[in-house]
Amino acid sequence: MSITAGIDVGGSYTKVVLLDGEQIIGRAILRTGYKPGIAARECLASALADAGISQNSVDYTIATGFGRFQVPFSQINVTELTAASWGAHALFPGTRTILDVGGHAVKASRIDEARQVKSFRLNEKCAAGTGAFLEKTARYMGFGTEQIGALAATSSVTVSISGVCTVFAEAEVINHLSQGVAAADIMHGAIVSLVGKSVQLMKRVKVEPEVTLIGGIMRFPTMVSAIREKLDGDVNVPDGDLVQFVAAIGAATLAQHQISRLAEEPVPLAQGANLVGAGAS
């Protein structure tokens, strides 16, 4: 078996997954900060320690995420859409639509059985449509990011937060607080608002089952429940914190595929970027 590394350098967090064949043998996550290259190296070191191996044991590395170009020790890099496609397919082979809600962007994509991205839409221009809005709302009310799920779960009424940009949405939050609305209900309202924007993106790519939800915000059951209700159907959700690692899993899985291709048809490493094949973009 070969050992591969998938490194997802996201806007908020960097994630690394190590695969031995199809088996996850190590993983790690840490905040990206303002030096993505250093975050990638430190996160890889943590994942290697988790697996109990050295970097020399890694046969192939692929980087993805907004900071993928700052990972000099990866053989190639791929877009987040490609990595998400390979990761979602690895976990749920029937996946045809993917919703990825991250801290700085929301991505909806439709893929085929070969993992190729057929259609996609992004929302990365306004914080009101990303996970950052939930984190900012929580902080404004005196709560940490890790408390968002538990807080929203205690809500009894969903308040409306309809602002289409972060400035107006924040004004609505402030107004609700001044009127004595419970923090839990405001948090739930913020989640429902984000869900509405996310589902609209999905509709624009022409949703097809199976739908797989990924991204750190999917750790919150209220978010998943609201999406299920909007779509009026079931969805796939990776277990536990694996929702945050799907793109890294995809990159590591694609690296396994690359090793197989190189074994069948050796090509100079400098041409590696052209080897990605099906599903790359």
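This is a predicted model: local features need pLDDT of at least 70, side-chain atom pairs count only at pLDDT 80 or more; totals for chains, interfaces and linings use all residues.
Biologist: What makes β3 and β5 edge strands?

Modeller: Strands are DSSP runs of E, at least two residues long, and helices are runs of H or I, at least four, numbered from the N terminus. Two strands pair if DSSP finds at least two bridges between them. Five strands form an open sheet in the order β3-β2-β1-β4-β5, with mixed pairing. β3 (23-31) and β5 (76-77) each pair on one side only, and they are the edge strands.

Biologist: How do you know that β4 and β5 pair?

Modeller: Two bridges join β4 (residues 60-64) to β5, in the parallel sense. The cut-off is at least two bridges, so they pair. Ile62 stands opposite Ile76 in β5.

Biologist: How many bridges join β7 to β8?

Modeller: Six, between β7 (residues 106-111) and β8 (residues 117-123), which run antiparallel. Arg110 stands opposite Ser119 in β8. The two strands form a hairpin with five residues between them. Arg115 in the turn has a positive phi of about 75°.

Biologist: Which helix lies across the five-stranded sheet?

Modeller: Helix α8 (residues 246-264) lies across β1 (3-9), β2 (13-20), β3, β4 and β5. α8 runs at about 140° to β1. Axes are lines fitted to C-alpha atoms, for helices over the stretch in contact, and angles run from 0 to 180 degrees between N-to-C directions.

Biologist: Why is α2 called roughly perpendicular to α8?

Modeller: α2 and α8 pack at an angle of about 85°, with their axes 7 Å apart. That makes α2 roughly perpendicular to α8, because 65 to 115 degrees counts as such (under 35 is roughly parallel, over 145 roughly antiparallel, the rest oblique). Their contact (heavy atoms within 4.5 Å) includes Trp86 of α2 and His257 of α8. By class, this contact has eleven nonpolar, five polar and no charged residues. Ala, Val, Leu, Ile, Met, Phe, Trp, Tyr, Cys and Pro count as nonpolar, Asp, Glu, Lys and Arg as charged, and the others, Gly among them, as polar.

Biologist: Why are α3 and α6 called roughly antiparallel?

Modeller: The axes of α3 (residues 131-140) and α6 (residues 183-204) come within 10 Å and cross at roughly 170°. They are therefore roughly antiparallel to each other. Phe133 and Leu134 of α3 and Ile186 and Met187 of α6 are among the residues in contact. By class, that contact has eight nonpolar, two polar and no charged residues.

Biologist: What makes a space a pocket?

Modeller: On a 1 Å grid over the protein atoms alone, a pocket is an open set with protein on both sides within 12 Å along at least five of seven lines. In a cavity, a 1.4 Å probe fits but cannot get out. Lining residues have an atom within 4 Å of a point.

Biologist: What is the volume of the largest pocket, and what lines it?

Modeller: About 610 Å³. The lining has 32 residues, with Gly10, Gly11, Gly102, Gly103 and Lys107 nearest the centre. By class, 13 are nonpolar, eleven polar and eight charged.

Methods: Residues are numbered from 1 along each chain as its sequence is written. Side-chain values use heavy atoms; hydrogens and water are left out. Grid points are joined across faces, edges and corners, and a volume is the space filled by probe spheres set on the points.
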